[in-house]
Amino acid sequence: MNRNTNNPDDFIPFALPCLGPEEERAVINVLRTGWLTTGTVAGSFERAFAERIGTAKALATSSATAGLHLVLKALGIPRGARVITCPFTFAASAEVIRYLGAHPYFVDCEPDGFNIDPGGIEKALLEKRNIKAVLPVHIGGELCRMDAIIDSSSRRNVPVIEDAAHAFPVNTDRGYAGTLGTAGVFSFYATKTITTGEGGMVVTNDPELADSISVLRLHGIDRVIWDRYRSYSYNSWEYDVVDAGYKYNMPDLLAAVGREQLKKADLFLAKRTKIAHRYIDAFQNLDFLKLPCNTPNHAWHLFILRIVPDSLTISRDEYIRLLVKRGIGISVHFKPLHLMTYYKKLYGLKPEDFPRALASFECCFSLPIYPGLTESSIQYIIDQVTAVGKEHYNTIHAE
Ligand SMILES: Cc1ncc(COP(=O)(O)O)c(C=O)c1O
């Protein structure tokens, strides 16, 4: 296939949402009701999501970041406390801990993987005082080793908050990712496995936690705004503010998109899984590439490849540059947080403090993986990734 890389229409984007006439109709219907903000549609999206995933409660939020913040706040994580998470993640997973004046306690990745090391969590819980929560992140949609994480945490009564931003839907024999700990948070950001443009969902089986989150989500008001305007009792204007809450609600306009996306989640997963398997089949015999873990329970939000150290004569960044030049959108997940100025300065961290996160970062890049990726694009990506590697193969390494 010949690609004109000067033509923007010929560029394969790194990520694309998969939206159809159903989402368009749903938005128009909401526009016509005259009620644009949080109301019955958001409520129905929450119920459908809770039913789908098998939790007592699902609370739609303006983002996963907001959802994570709400969970930590509702759990009462105090200023100065520590919350365990992994540096190999997006900014949101740790910034929410800082919002509360608490501190992320970084635990490195598991050997050879992208997810947090349960052994490191156990060690931290044994040695460090003042750890008030554990926040594992299912990187790219690969489930963390939740049995071990929950075992360590529950023995010390420490809540587990799953950052499941990448992990909808990942079903396991113990339930869906996001439902395995005290609470889980999903993201519906534009690039995620299902999307509302911006948005998130908190799920939990703890009714008290859900109630606190519900109040905190909307200004700390003790009744949802919809009730306030729609109940025609004599005191329908009345409300109380019981906390300094936030403006973290999801409007009906976005929830309408979410409801339609939710119906398509299995279809989307099947398509992403098929693409992942195409990549795995194509790359498994290339000794300069290391494949992501191919577990059966994987959301395949990301397909993260690693370059085997010293196997090529070009750097990771040059590999990416050459692929982008050939018309393929490539990204990197993740530049670890301990390399970021804020955390580096605040905690005096050095790159080698988290050697596994650092090693993965230095050689990783992510390929496009989304339902709308055409067969010819998939083949083109496979051909170019293979060709660039082979053209810059380090023959000395192979000897
Ligand atoms: C691991 C992880 N957690 C949380 C978030 C935050 O999601 P949102 O953009 O919905 O706030 C992201 C966003 O990409 C993420 O990658």
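This is a predicted model: local features need pLDDT of at least 70, side-chain atom pairs count only at pLDDT 80 or more; totals for chains, interfaces and linings use all residues.
Trainee: Which residues does a cis peptide bond with omega of about -10° join?

Mentor: That bond joins Phe168 and Pro169, and Pro169 belongs to the loop between strand 5 (161–163) and strand 6 (171–172).

Trainee: What about the peptide bond from His333 to Phe334, cis or trans?

Mentor: The bond from His333 to Phe334 is cis, with omega near 0°, and Phe334 lies in the loop that runs between helix 11 (316–325) and helix 12 (341–347).

Trainee: Changing topic to the ligand, which residues around it come nearest?

Mentor: There are 15 residues around the ligand, and those that come nearest are Thr65, Asp163, His166, Ser187 and Lys192. Sorted by class, this shell has six nonpolar, seven polar and two charged residues.

Trainee: Now the polar atoms: what lies 2.7 Å from a nitrogen atom of the ligand?

Mentor: A polar side-chain atom of Asp163 lies at that distance from the ligand nitrogen. For an oxygen atom of the ligand, a polar side-chain atom of Ser187 is 2.7 Å away, and a polar backbone atom of Ala64 is 2.9 Å from an oxygen atom of the ligand.

Trainee: How much of the ligand's accessible area does the protein cover?

Mentor: On its own the ligand has 390 Å² of accessible area, and the protein covers 92% of that.

Trainee: And where does the ligand sit?

Mentor: The ligand sits in the largest pocket, whose volume is about 590 Å³.

Trainee: How many residues line the largest pocket, and which lie nearest its centre?

Mentor: The lining has 38 residues, with Ser187, Tyr189, Thr191, Lys192 and His301 lying nearest the centre. Ser187 and Lys192 were also among the residues that come nearest to the ligand.

Trainee: Last topic: how many cavities of 30 Å³ or more does the count come to?

Mentor: The count comes to one cavity, and the volume of the largest cavity is about 50 Å³.

Trainee: What lines the largest cavity?

Mentor: Its lining is made up of Phe114, Ile139, Gly140, Glu142, Pro292, His298, Leu302, Phe303 and Ile304, which by class gives six nonpolar, two polar and one charged residues.

How values were computed. Residues are numbered from 1 along each chain as its sequence is written. Side-chain values use heavy atoms; hydrogens and water are left out. A residue is near a molecule or strand if one of its heavy atoms lies within 4 Å of it. A polar contact is a pair of N or O atoms within 3.5 Å; within protein, one must be able to donate a hydrogen and the other to accept it, and residues adjacent in sequence count only if both atoms are side-chain atoms. Accessible areas come from the Shrake-Rupley method with a 1.4 Å probe; for residues, only the protein chains shown count as cover. On a 1 Å grid over the protein atoms alone, a cavity is a set of points where a 1.4 Å probe fits but cannot get out, and a pocket is an open set with protein on both sides within 12 Å along at least five of seven lines; lining residues have an atom within 4 Å of a point. A molecule sits in a cavity or pocket if more than half of its atoms lie within 2 Å of its grid points. Ala, Val, Leu, Ile, Met, Phe, Trp, Tyr, Cys and Pro count as nonpolar, Asp, Glu, Lys and Arg as charged, and the others, Gly among them, as polar. Grid points are joined across faces, edges and corners, and a volume is the space filled by probe spheres set on the points. Helices (H or I, at least four residues) and strands (E, at least two) are DSSP runs, numbered from the N terminus.
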